[in-house]
Amino acid sequence: MIVYRELSSLERDLSVPASTLYAVSNALEKHYHTVSLPKPDGGCRVLSVPDPLLKMIQRRIVRVLLAPMPVSPYAMAYRCGAGTVRNAALHAGRPAVLKLDIRHFFDSILYSSVKEAAFPAEIYGEPLRILLTMLCYYRQGLPQGAPSSPAISNLVMRTFDDEAAAWCRRRAIRYTRYCDDLTFSGTFEPEAVIAFVQEQLRERGFFLNEKKTVFVPAGRRQIVTGIVVNEIPNAPAEYRRGLRQELRFCRKFGISDHMARLGIPGTEEQYLHRLLGRVNYVLQITPEKPEFLQARDWLLRQLSCGGQVRTAAHEEIEKEQGG
């Protein structure tokens, strides 16, 4: 474990002059701008996005200082080997699923929590702890647009994840966390789990978003991070159905005609890449689905030949002409 007590060692490993680190930390307002993104529920997510200089510094902090630090194995976002598919797979075929959501997750992470979890005293001298925390913190929370925030959030939640998992393990309950989404599966009384989680979160300055609490017993469709988990992980039927329809129309009418009919923006190549991404997503969940394996091969062929699709109408014309 590398210990940083002198500014010069931090300056060397980050490859950023100390004068730059301090100048940026003392003028954070000049290095952030606000971006608003629409949310599916009609609301708006406001992001504080760092400028290129601060973003570079934050990325180096992640790569050099934060990446080597241990993260709970129950954290399913922002780390290698995890993701939505793995998160869902761990809850597949379970009797019941409980989903909880942490309200205003990034905004609720305290400055002191970042300082303790990401830049602990046993590794950093106090002036360096303050400097690094300031470079990764903004106003009253972790900035959602900063590249350092995801990694820091996992470090802040490490003790909660491990303690929640231990509590659940004694009761044969499975637990995972994907960012601010907590998932529990097994046979249990949801009220007991909720009470435990509320107490543990409150000690850390977090609260549940009660409007997003969902308990799904056996016999009803159970979805975890967008994936159906009742028996084996699968993409939702409506997602697969819509994708099949788009692929069928592309083959029937040709890509350009299909895009024109539906007013799909962008180039044919861009649209094919989007379709390929959606097909690969289905195959990531269920790798052996023949129809989507065939669809992936078809899309790759179209991309390799510039999207010149042989539709059913083209084949009929060729037959009439003896082609």
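Arg139 and Glu29 form a salt bridge, with their closest N and O atoms 3.0 Å apart. Arg139 sits in the loop between helix H6 (126-136) and helix H7 (149-156), and Glu29 in the loop between helix H2 (18-25) and strand S1 (32-38), so this pair ties together parts that are 110 residues apart in sequence. Arg139 counts as exposed because its relative accessibility is 54%, and Glu29, with a relative accessible area of 49%, is partly exposed. The model is a predicted one.

In total the structure holds 11 salt bridges. Another of them joins Arg177 to Asp161, where the closest N and O atoms are 2.9 Å apart. Since Arg177 belongs to strand S4 (residues 174-178) and Asp161 to helix H8 (residues 158-169), the pair ties together parts that are 16 residues apart in sequence. Arg177 and Asp161 are both buried.

Arg278 and Glu246 also meet through their side chains in a salt bridge, at 2.6 Å from N to O. Arg278 is in helix H12 (residues 268-285) and Glu246 in helix H10 (residues 237-253), so the pair ties together parts that are 32 residues apart in sequence. Arg278 is partly exposed, at a relative accessible area of 23%; Glu246 is buried, at 17%. Elsewhere, salt bridges that share partners join Lys115, Glu116, Glu126 and Arg129 into one network.

The nonpolar residues come next. The largest nonpolar core has 56 residues, of which Ile61, Leu66, Phe119, Leu182, Phe184, Val197 and Leu201 touch the most other members. Helix H3 (residues 52-66) supplies the largest share of this core, six residues. Apart from this core lies another, of 26 residues, including Ile227, Ala235, Met259 and Ala295. Beyond its neighbours within four places in sequence, Leu182 is in contact with residues including Leu98, Phe160, Val197, Leu201 and Arg177.

Arg177 is also among the contacts of Asn87, as are Met76, Tyr178 and Val224, neighbours within four places in sequence being left aside. Asn87 is located in helix H4 (residues 84-89) and counts as buried because its relative accessibility is 0%. The side chain of Asn87 makes a polar contact of 2.5 Å with that of Thr176.

Val71 lies in the loop between H3 and H4. Its relative accessibility is 29%, so Val71 counts as partly exposed. Neighbours within four places in sequence aside, Val71 is in contact with Arg79, Asn154 and Leu155. Val71 and Val97 are 26 residues apart in sequence, and their C-alpha atoms are 24 Å apart in space.

How values were computed
Residues numbered from 1 in each chain as written. Predicted model: local features only at pLDDT ≥ 70, side-chain atom pairs only at ≥ 80, totals over all residues. Heavy atoms only, no water. Core = buried A, V, L, I, M, F, W, Y, C linked by side-chain atoms within 4.5 Å. Buried < 20%, exposed > 50% of the residue type's maximum accessible area, 1.4 Å probe, protein only. Helix = DSSP H or I, 4+ residues; strand = E, 2+ residues; numbered from the N terminus. Contact = heavy atoms within 4.5 Å. Polar contact = N/O pair within 3.5 Å; in protein donor to acceptor, adjacent residues only side chain to side chain. Salt bridge = Lys/Arg side-chain N within 4 Å of Asp/Glu carboxyl O.
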